[in-house]
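Have a look at the model, then read through the points below.

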Amino acid sequence: MASFRYEGQRLAYTIHGDGTKTTLLMPGLLLSQKMQTPLARQLAKRGNRVVTFDPLGHGASDRPRDMWRYSMTAFARQTVALLDHLELDEAVVGGTSLGANITLEVASLAPQRLRGMVIEMPVLDNAIPACAAAFAPLLLTLTFGERPMRALASAAARVPSDRVPFLLELTLDAIAQDPGPSAALLQGIIFGRTAPHRTERRTFDMPALVIGHPRDPVHPFSDADMLAHELPNARLLNANSMIELRTRPARLTAEIARFVASCWNAPAAGASEEPAARAAG
């Protein structure tokens, strides 16, 4: 695992494969880049260079306790800083949940750096009630129950990762983190904006693959469907469940690989006067 420093903080990333066509993938909230490793390896086998990235407060990156360091816009700046560090003019950028929303913020901050976007489980307008119900108790627990949560983290860290299923391993990794920085991270995200406004999202003309999931109130399918209709050059891909890409990945991985290849085979956004046709999901 490699790293670089940005605004005095160490940020971790891993490179899978090689070549000039790079895809950058980011994890969900409080999870590590490990969650994107299986997809990264499969894309690398298909000739792509894939970078998995831990934004500040996640995985192997630094985890300060300062709330003001955490926001979607800050994560987007870190992502662009990673592109600069790797000397990449452009890349396909994507992620899951938090990583999906960071991708949208990168499109707002530096649209010219995006060859395409892979947006899985976006958290937008229709997710607000479920997010409030889920994250408010978690934030209170991490903030006011730091001592017992630290004991739980210590216990989770002792579980051998090679003896548990992949999804449980990801969950244990998140639980094993120091609760103080996790609480600061949640506070920073709640305090800031979740994603660019829909009027701005409608201007993002780079190719986008939006992956929606059924029966997931925190990442409602209606948000993915709405986003796919807002983005001028988007395709909506229906997943069978929120865990399909992690448990039965073949179908979605093949679709993502085809999309990534199409991003590099087509002219960059804005290179042609003809608008790209919307693909059907």
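Does Arg246 count as buried or exposed, going by relative accessibility? Before the answer, a word on the ground rules. This is a predicted model, where local features need pLDDT of at least 70, side-chain atom pairs count only at pLDDT 80 or more, and totals for chains, interfaces and linings use all residues. Residues are numbered from 1 along each chain as its sequence is written, and side-chain values use heavy atoms, with hydrogens and water left out.

1. Arg246 counts as buried, at 13% relative accessibility (buried is under 20% relative accessible area, exposed over 50%, partly exposed in between, with a 1.4 Å probe and protein chains only). Arg246 sits in helix H10 (helices are DSSP runs of H or I with at least four residues, strands are E runs of at least two, numbered from the N terminus). Its side chain makes polar contacts with the side chains of Glu120 at 2.9 Å and Gln36 at 3.1 Å (a polar contact is a pair of N or O atoms within 3.5 Å; within protein, one must be able to donate a hydrogen and the other to accept it, and residues adjacent in sequence count only if both atoms are side-chain atoms).

2. Arg63 is buried yet has no salt bridge, and the nearest side chain of opposite charge, Asp178, is 5.5 Å away (a salt bridge puts a side-chain nitrogen of Lys or Arg within 4 Å of a carboxyl oxygen of Asp or Glu; Lys and Arg count as positive, Asp and Glu as negative, and His and the chain ends are not counted). What the Arg63 side chain does have is a polar contact with the side chain of Ser182 at 2.5 Å, and it reaches the backbone oxygen of Gly57 at 3.1 Å.

3. On to the salt bridges: a search of the whole structure finds 19. One of them joins Arg193 and Glu105, at 2.8 Å from N to O. Arg193 lies in the loop between helices H7 and H8 and Glu105 in helix H3, so the pair ties together parts that are 88 residues apart in sequence. Glu105 is buried at 2%, while Arg193 is partly exposed at 38%. Arg193 also meets Glu200 in a salt bridge, at 3.8 Å.

4. Asp125 and Arg201 form a salt bridge as well, with the closest N and O atoms 3.6 Å apart. Asp125 is in the loop between strand E6 and helix H4 and Arg201 in helix H8, so this pair links parts 76 residues apart in sequence.
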